[in-house]
Amino acid sequence: MEAPALDRQSALDTQAIRKRKNARERKALFYGLLFTSPAILGFLIFTLGPMIASFYLSLTDYNVFKEGTDFIGFDNYAKLFSGEDDLFYQSLGTTFYFVVLRVPAVIIISFILALLLNMNVKGRSVFRTIIYLPSIVPAVASSMIWLWLLNPDLGLVNNVLQKLHLPTSSWLFGEGSVIPSIVLTTLWGIGGTVIIFLAGLSGIPKQYYEAIDVDGGGWFHKLRHITIPMVTPTIFFNTIMTIIGSFQVFSEAYILTQGGPNNKSLFFVFYLWRTAFRDTEMGYASALAWVLFIIILVFTAIVFKTSKSWVHYEGERT
């Protein structure tokens, strides 16, 4: 009789333990949802909700000053890709040109600056501060400075070039030079990217470099076999963020060129803004926004897909 009683008691104890465990899990879930609810609600209200509304508007002919709104299906997208809107392909081509120039320039220059700032020299913290400060200057202020510097008649850059008897340029006012000039102005604010590279470089163990020294290798061997492979995760992150930021370029065109000269700096986001807030064609602008979203998504996916072949993580088996 004692054995069945012990079995029943054991079963009751197991059941009680399971109930207490379930209660603790429910309590943890409750507090987890409670503390994450601001982020969840913020995402639902300020991101997912507007995205759904934007997609619906892209299927309509919604205009701010039009009384009624009609559902037109994918007519806005058909207008975009049919060639009826010449500015769509022109703004897309201009943006791609900007991305192709800016992304490699930002990554390479930021990496080189990070290597220099990672050296053990006097005043290193001062140099780091100098490099980072321009990135926190408001875009309007820095754009106005560049607008003066690159003025073809009164700008400081052309005046210096004339003093040195070097050829001058139209910079922001020339059709062929406007995009490279805007890329130049954006390099002013790469301090954030440099700081991220510095964080990646500081995480490389010193003994790896010491092993190269023992083997008789120089700085190039350290760079090729240690620094670059170890910092590829940081390069990967910065590349993704730079691609996204480059496709979304807006303030430079808005402040510096207004899309000119002759629409040569009509970036996609600036064209989207102009369609929405100057022409008040919100439905068509929403279609433009979704096209941009898909483009950024595709390029991000391509980088993620190819990263398996060139991004190396410490401790990862090959």
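This note walks through a predicted model, point by point.

1. **What the record says.** Start with the annotation. UniProt, in an unreviewed entry, places the feature "domain: ABC transmembrane type-1" at residues 92-303. The unreviewed entry also gives "transmembrane region" at residues 28-57, 96-117, 129-149, 178-201, 230-250 and 282-304. Keep in mind that such annotations may be inferred rather than shown by experiment.

2. What is the helix content of residues 92-303? The span is 72% helix and 0% strand.

3. Take residues 96-117 from the UniProt list. In the model this span is 100% helix and 0% strand. Its end C-alpha atoms are 31 Å apart.

4. **A nonpolar patch.** A nonpolar patch of about 990 Å² includes Leu44, along with Leu29, Leu33, Ile40, Leu41, Phe43, Ile45, Phe46, Leu48 and Ile52. Leu44 sits in helix α1, which covers residues 2-58.

5. **A positive patch.** Which residues form the positive surface patch? They are Arg18, Arg20, Lys21 and Arg24. Arg20 is placed in helix α1. Arg20 has 48% relative accessibility, so it counts as partly exposed.

6. **Salt bridges.** How many salt bridges does the structure hold? There are four.
   - Lys66 pairs with Asp61, at 2.3 Å from N to O. Lys66 is partly exposed, at 35% relative accessibility. Asp61 is also partly exposed, at 23%.
   - Asp213 pairs with Lys222, at 2.9 Å from N to O. Asp213 has a relative accessible area of 44%, so it is partly exposed. Lys222 is partly exposed at 21%, and the cut-off for buried is under 20%.
   - Arg278 pairs with Asp279, the closest N and O atoms being 3.1 Å apart. Arg278 is exposed, because its relative accessible area is 53% and exposed means over 50%. Asp279 is partly exposed, at 32%.

7. **A salt-bridge network.** Some salt bridges share partners. They join Asp61, Lys66 and Asp70 into one network. The Lys66 and Asp61 contact belongs to this group of residues.

8. **A buried loop residue.** Find Leu59. It lies in the loop between α1 and α2, where α2 is residues 75-81. Why does Leu59 count as buried? Its relative accessible area is 9%, and buried means under 20%. Leu59 and Asp75 are 16 residues apart along the chain. Their C-alpha atoms are separated by 7.3 Å.

9. **A cis peptide bond.** Most peptide bonds are trans. Which kind is the bond from Gly260 to Pro261? It is cis, with omega near -5°. Pro261 is found in the loop between α11 (251-257) and α12 (268-278).

10. **Positive phi values.** Most residues other than glycine have a negative phi. Check Gln258 against that. Its phi is near 55°, a positive value in a residue other than glycine. Gln258 is in the loop between α11 and α12. At 45% relative accessibility, Gln258 is partly exposed. Next comes Asn263. Its phi is near 65°, again positive in a residue other than glycine. Asn263 is placed in the loop between α11 and α12. Asn263 is partly exposed, with a relative accessible area of 22%.

11. **The loop in review.** The loop between α11 and α12 holds Pro261, Gln258 and Asn263. The cis bond leads from Gly260 into Pro261. Phi is positive at Gln258 and at Asn263. Inspect this loop in the structure above.

Methods:
Residues are numbered from 1 along each chain as its sequence is written. This is a predicted model: local features need pLDDT of at least 70, side-chain atom pairs count only at pLDDT 80 or more; totals for chains, interfaces and linings use all residues. Side-chain values use heavy atoms; hydrogens and water are left out. Patches are made of residues with over 30% relative accessible area and no salt bridge: like charges are joined within 9 Å, nonpolar side chains (Val, Leu, Ile, Met, Phe, Trp, Tyr) within 5 Å. Accessible areas come from the Shrake-Rupley method with a 1.4 Å probe; for residues, only the protein chains shown count as cover. A salt bridge is a side-chain nitrogen of Lys or Arg within 4 Å of a carboxyl oxygen of Asp or Glu. Helices (H or I, at least four residues) and strands (E, at least two) are DSSP runs, numbered from the N terminus. Lys and Arg count as positive and Asp and Glu as negative; His and the chain ends are not counted. The place of a charge is taken as NZ of Lys, CZ of Arg, CG of Asp or CD of Glu. Buried means under 20% relative accessible area, exposed over 50%, partly exposed in between (1.4 Å probe, protein chains only).
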